[in-house]
Amino acid sequence: MNADALRKLVNQCVRCGQCRSVCPVFQEISIESGVARGKLALLRSFLEGQEVPAEELQGLLNKCLLCKTCGSQCPSGVAADELILAGRELMAQKRGLSPVKKAVFSVLKNRKVFDFCLSMASLGQDFGIKRLPGKRLGAISRFPMPGLARRRVIPPFAGKSLRKQYPEVIKVNQPQARVAFFTGCMANYIYTGSGKAAIDVLVANHIEVVLPKKQHCCGYPVFTAGDAEDGRLLARHNIDIFSEVTVDAVITVCGSCGSAWRHEYQRLLTDDPVYLKKLAVIARKTYDIAEYLTEVKPINKNDLGEVNAHITIHDPCHLGARGMGVTKQVRQLLSAIPGVKISEMKEPGRCCGSGGSFNLGYYDIARGINDNKVADIAQTGADMVVTGCGSCRMHLIDGLVQNRQEHNVMHTIELLAQSYAAKQAGGKTQKSIS
């Protein structure tokens, strides 16, 4: 988006301040520049040639979770998160990215190098981190790490990435459907249990799974930082890879990944009609796993065994009502599991404060936002939190540990996989595990 087009859209904000009542960042820091109205006012001034320091503006635009809460409440229909993202892209063109982001993205955009680096990290990580006892996947740093709060709980890398654990095609007898699985980075390198659970459940439903080996990061961390060019590079790569496979659907287990396919890639590739055409074919058959198993290939409740679990559900920003619209589907799946009791939070869709890399750059603000979420979790009386996003899972575990709460966090599909396993074991009650 060029500066003139952006200025016209920014001017649609009437400065009513409705976003102040819902913005998690503003509610935490109570500074006008922390809310969408303030950010857009400064961006407007910059675009009109007024004296607004570019460095300061870039920092303020980055101080946003992109949770879409402001847009969902805007009476003028202004998609402030998209304008803030466009502002980031403009500032990245004018000022460039920070040296740290440049270095990280130079590795990330090279699939082979990225995979090699994370594989090596998994081999030597126990030297640098101390794993937490118990069932939660978490660890703390033994040494100070740049950009990482010392007390922060982080997830360890898996010993072997998900895509290296399986053949490219997981066959079933008499398949009723054939899907491609876009794993994303979290399910491939960290929470591989969620990826394995997705495959197990799909196979249990007689669905053949294609796991393209050359798929790569969806690019969300890259293009949301303002690096649109490398974002387009990753988008085109994934579109090429998934255009090569003949499948009925593409399945995701992460709201940000699913949103990239359905929404963000189209925005990035507006001026590329060739790839837009290829994308359209894939985007219209892309589903979150919960959505697919309720609306496209509904599960048979008779296949589910009892799981003893008292849970509450966190709806990620990009998966829930403000993103892919997948909320009731999650509850439909989980409520079908015998033995599962669901106690809802007061605000299940309230942002947890993760915001992708936001929680790394602004950990204290993210921690404060997350403390509110943890308090909401605690009042439910549930023993476990279930969510559909690996990034949210990571940040929630950190918050629960910091607040001395014993809850574990797992992906929706993992609990469903436990139910299938319980049925196969004879229908006996299975206590939920991580």
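**Salt bridges in close-up**

**View 1. E347 and R350 meet through their side chains in a salt bridge, 3.3 Å from N to O.** A salt bridge here is a side-chain nitrogen of Lys or Arg within 4 Å of a carboxyl oxygen of Asp or Glu. The model is predicted: local features need pLDDT of at least 70, side-chain atom pairs count only at pLDDT 80 or more, and totals for chains, interfaces and linings use all residues. Residues are numbered from 1 along each chain as its sequence is written, and side-chain values use heavy atoms, with hydrogens and water left out. E347 has a relative accessible area of 41% and is partly exposed; R350, at 23%, is also partly exposed. Buried means under 20% relative accessible area, exposed over 50%, and partly exposed in between (1.4 Å probe, protein chains only).

**View 2. D240 and K278 form a salt bridge, with their closest N and O atoms 2.6 Å apart.** This pair links distant parts of the chain, 38 residues apart: D240 lies in helix 12 and K278 in helix 14 (residues 273-283). Helices (H or I, at least four residues) are DSSP runs, numbered from the N terminus. D240 is partly exposed at 25%, and K278 is partly exposed at 28%.

**View 3. D230 forms a salt bridge with K109, the closest N and O atoms lying 3.5 Å apart.** D230 is in helix 12 (residues 228-243), while K109 is in the loop between helix 7 (99-108) and helix 8 (111-128), 121 residues away. D230 is buried, at 13% relative accessible area, whereas K109 is partly exposed, at 36%.

**View 4. Salt bridges link R20, E32 and R37 in a network.** In total, the structure holds 21 salt bridges.

Note on methods: Helices (H or I, at least four residues) and strands (E, at least two) are DSSP runs, numbered from the N terminus.
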